Each structure stands twice: as structure tokens, then as C-alpha cells.
Amino acid sequence: WVQSVVEAALEAVRKELEASGRASSWKLFESYDLRPPDASKATYTELGAPHGLSEADVRNALAYVRERLRESVIAHVRQLVTDPEQLVEELGALKLL
């Protein structure tokens, strides 16, 4: 169930960012955090260069997307549980608390 929650949260955040004009933030996140395990890890400066973004801009964009993803996962888990104690337990297991 964890994989399905994360996949749903990723899709929700992607759609939200695209709809709000922040598709470039999603692309940075996708390139950095969702890259294949065997792919080399680019620096924030390297990631930002094609978009005309500074290292700080990339850092801020990634932080924003990661926080939105965290919030989305929490919202999806909240829909699956029946009481607050269960929510705390599940979020704790996912290391989101």
C-alpha cells in the first residue's frame, strides 16, 4: 500500500505544479530525486543551468516540491485510516512525523 500511496501523491503533486505554472520545479525534482538508481547525480548548479536557475533557486524549488509531496502523502494516508491514532502510527512508520 505504501507504493500506491506514494505513486498517487507523486501524480497529485505533478498535476498541481503543472496547473500552477511550476512545471519546472517538478522537472528539477524528477531529474534529481526520481532519477534511476544507476544514473549519475548532478549538482544543483548543473540541474539549474538549462533552466537559467541558480543553485539557490534549485535548492528552493526542490524543497518546495518535497514539502508538497510530504503533505500529499499525509493527505492520502489520512484518507485510508479511520482514526487519529492510526494516522499517527502509519505516518510514524513512513517517517513523516
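Is R59 buried, exposed or partly exposed, and what is its relative accessible area? R59 is partly exposed, with a relative accessible area of 39%, where buried means under 20%, exposed over 50% and partly exposed in between (1.4 Å probe, protein chains only).

## Basis of the model

This is a predicted model, in which local features need pLDDT of at least 70 and side-chain atom pairs count only at pLDDT 80 or more, while totals for chains, interfaces and linings use all residues. Residues are numbered from 1 along each chain as its sequence is written, and side-chain values use heavy atoms, with hydrogens and water left out.

## Salt bridges

Seven salt bridges are found in the whole structure, each being a side-chain nitrogen of Lys or Arg within 4 Å of a carboxyl oxygen of Asp or Glu. R59 pairs with E55 at 3.1 Å, N to O, and both lie in helix α4, four residues apart, about one turn of the helix; helices (H or I, at least four residues) are DSSP runs numbered from the N terminus. E55 is also partly exposed, at 38% relative accessibility.

Another salt bridge joins R68 and E16 at 2.6 Å, N to O, and this pair links distant parts of the chain, since R68 is in helix α4 and E16 in helix α1 (residues 2-19), 52 residues apart. The side chains of D33 and R66 meet at 2.7 Å, N to O; D33 lies in helix α2 (residues 23-33) and R66 in helix α4, so this pair ties together parts that are 33 residues apart in sequence.

## A salt-bridge network

E11, R14, K15 and E18 are linked in a network of salt bridges.

How values were computed: Helices (H or I, at least four residues) and strands (E, at least two) are DSSP runs, numbered from the N terminus.
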